[in-house]
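Work through the exercises below with the sequence and the model open. Each task is followed by a stepwise solution.

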Amino acid sequence: MEVLHHILQIILQYYWIPLLILYIGVIGTILIENRNPSKTIAWIMVIVFLPGIGLLSYYFFGQKFKKVKRMKRIYREQSKKLLDAWRKESEIMEEHIDTLNERIGSLAMVYRYLKNQKISTFSLNNEVTLFINGEEKFPVLIDRLKAAEHSIHMEYYIWEMDEIGCEILHILEEKAKNGVTVRLILDSFGAPDVIKYLRRNKPDFEFQAFLPVTFSSLANSNYRNHRKIVVIDGKIGFVGGINISDRYINNGKNEVYWRDTAMMVIGAAVNTLQIQFWNSWNQTEAESFELGRGYLNRFPLTNEDASGVGFTASDPGSPAPFNMEAIIAGINEAKEYVQLCTPYFIPSDQLTTALMLAVSSGVRVDLMLPAQSDSYFVQHASFSFIKPLLERGVNVYLYKKGFLHAKTVCIDGKLAYIGTTNLDIRSFYINFEISGIISDRALCDRLNAQFLADIEFSDLITIRSWMQRSRWKRGVDSICRLLAPLL
């Protein structure tokens, strides 16, 4: 007993030595990883000022785990498989760039960026339909699903077991029983109830949980598949911010009005969506499938004025933050105006600089955010970035009718971005995201009209009114900003 007592005394007296070694080791690891400096400082502050909790948070959520290395390896392998097809499309894409240059001028450089970085092919032979909110999207989606003859591929972040969620699951089950190939990817963090339901009921179609989250793999929760993709018969595609949930249908049953945007594309651009789904499928534990006949299709160019569509996709394995860079490329070419809608605004330094340069060059820059977010910390962190933009002349609107969940950008009425990408660090660097880049005058006109309609339910913030907010609110903004690189 005396020996045990002596050992206990030594431990209590010198416990700080192994703890100090642990702290030095963890902080050294963070520094060696050569992260973004702001993220490095944020993690060090969390570890130092929240002893114990900070270390656990970093262990589960902060490390660059082997999972990221695997994502990068898969990205490289799949890029090699698609290289031959890319070369065949290269000349056609050059012709399309020339056509787009005549149509939208220097904004066509965004499509050249897609081509040079081999992010996605793009095409002119497309028909695009814009949806404002779920009440516009879901009836069309359901009709198209019911009419499917060959295959249905769906990839969603949030899918709830509510009225619309159950209805679409029933449609998938019926189509699978009738011989249609159905594959479904669900994010493990965003759709746990549906995943449990499918595992229990064993449907006639294939489904995969993306990056399952268990106690031993809590780090996976930091990498989320935030995409919302539907591909039907390899001919019809849907993408945008609208998840599968009743909350997006403003039928009076939900307390909060949800303002969101999505689009349907019919044409050659659907091949890119199909490939993106295939990429995600290969990130799961599922057996891969060949992108043969029926999955990829040819669409003749029948209308020279048809919509130009490309997609920019990025994930933790991407060589660069492609979604962010594509937006900045467009902002840099703006001549008249830039309209941005996002529910979460934690911009990178590059995006902030691009917005400031645009407004300083005489471009009208309008940024719309929700007045009331669904995340306390993210909203206050977002608010901390507003003051310098106001000082430079950016128009900032706070949407008050409900929750603004749309992720859209419209430039000069000539180029639009519609997808899943928020204007925040998480979307740019951590999540699996995708956005359509569309050259279509009618769609841009409607997107612009919707932005003007939303202004009627928004408050325009002035630098004077913003600085008159209480010190408490401004202080909370500043504190939450310190955590911005981690949100």
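**Exercise 1.** Describe the hairpin that holds D412.

Solution. Strands β15 and β16 make up the hairpin, with three residues between them. D412 sits in the turn and has a positive phi of about 55°. Strands here are DSSP runs (E, at least two residues), and helices are runs of H or I with at least four, numbered from the N terminus. The model is predicted: local features need pLDDT of at least 70, side-chain atom pairs count only at pLDDT 80 or more, and totals for chains, interfaces and linings use all residues. Residues are numbered from 1 along each chain as its sequence is written, and side-chain values use heavy atoms, with hydrogens and water left out.

**Exercise 2.** Which strands pair with β15?

Solution. Pairing requires at least two DSSP bridges between two strands.
- Step 1: β16 (residues 415-419) runs antiparallel to β15, joined by four bridges; A416 stands opposite C410.
- Step 2: β10 (residues 337-341) is also antiparallel to β15, again with four bridges. Here T408 is the bridge partner of C341.

**Exercise 3.** Are the two faces of β15 buried or exposed?

Solution. Buried means under 20% relative accessible area, exposed over 50%, and partly exposed in between (1.4 Å probe, protein chains only).
- Step 1: On one side of β15 (residues 408-411), T408 and C410 are buried.

**Exercise 4.** Why does I327 count as buried?

Solution. I327 belongs to helix α11 (residues 322-332). I327 counts as buried because its relative accessibility is 6%.
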